[in-house]
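Please open the structure in the viewer and follow the stops below in order. Each stop names what to select and then describes what is found there.

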Amino acid sequence: MTGSKRTRTLTRPRQIAMFLARAHTNLSFPELGREFGGRDHSTIQHGYRKVERELLDDLKRVTGKQNLLFELALESRTETLRLEAAQQ
């Protein structure tokens, strides 16, 4: 996590670790940079913001899917009630 390699398999987990460290500690970005192998504070900020943005995008996607499923269920139920009423 604190090494200098920039491969995707290490970068992504490192950014998540940066996000979690910032979210769950009182350390500043420069302090976190020192903890993550002497990285510049802007690197920590970038990692934090990138993960934060992705989490918000994921939340929007999930919320959108939930709304769509709710609308489909409601539409299906409405159609069922309409058919039942027509049969009576």
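**A tour of salt bridges and a pocket**

Begin by selecting Glu54, which counts as partly exposed at 25% relative accessibility. The model on display is a predicted one. Arg12 belongs to helix H1 and Glu54 to helix H3, so the pair ties together parts that are 42 residues apart in sequence. Arg12 is likewise partly exposed, with a relative accessible area of 34%.

How many salt bridges does the structure hold? There are three. For another of them, select Asp58 and Arg61, whose side chains meet at 2.5 Å, N to O. Both residues lie in helix H3, three residues apart, about one turn of the helix. Asp58 is partly exposed at 38% relative accessibility, and Arg61 is partly exposed at 47%.

Continue to Glu79 and Arg82, where a salt bridge of 2.5 Å, N to O, joins the side chains. This pair also lies in helix H3, with three residues, about one turn, between the two positions.

Finally, select Arg6, Arg14, Met18, Arg39 and Thr43, which lie nearest the centre of the largest pocket among its twelve lining residues. Helix H1 (8–24) and helix H3 (41–87) each give two or more residues to this lining, and the largest share, four residues, comes from H1. By class, the lining has one nonpolar, six polar and five charged residues. The space in this pocket is about 170 Å³.

Technical notes:
Residues numbered from 1 in each chain as written. Predicted model: local features only at pLDDT ≥ 70, side-chain atom pairs only at ≥ 80, totals over all residues. Heavy atoms only, no water. 1 Å grid on protein atoms, 1.4 Å probe; cavity = no way out; pocket = protein on both sides within 12 Å on 5 of 7 lines; lining within 4 Å. Points joined across faces, edges and corners; volume = space filled by probe spheres on them. Nonpolar A, V, L, I, M, F, W, Y, C, P; charged D, E, K, R; others polar. Salt bridge = Lys/Arg side-chain N within 4 Å of Asp/Glu carboxyl O. Buried < 20%, exposed > 50% of the residue type's maximum accessible area, 1.4 Å probe, protein only.
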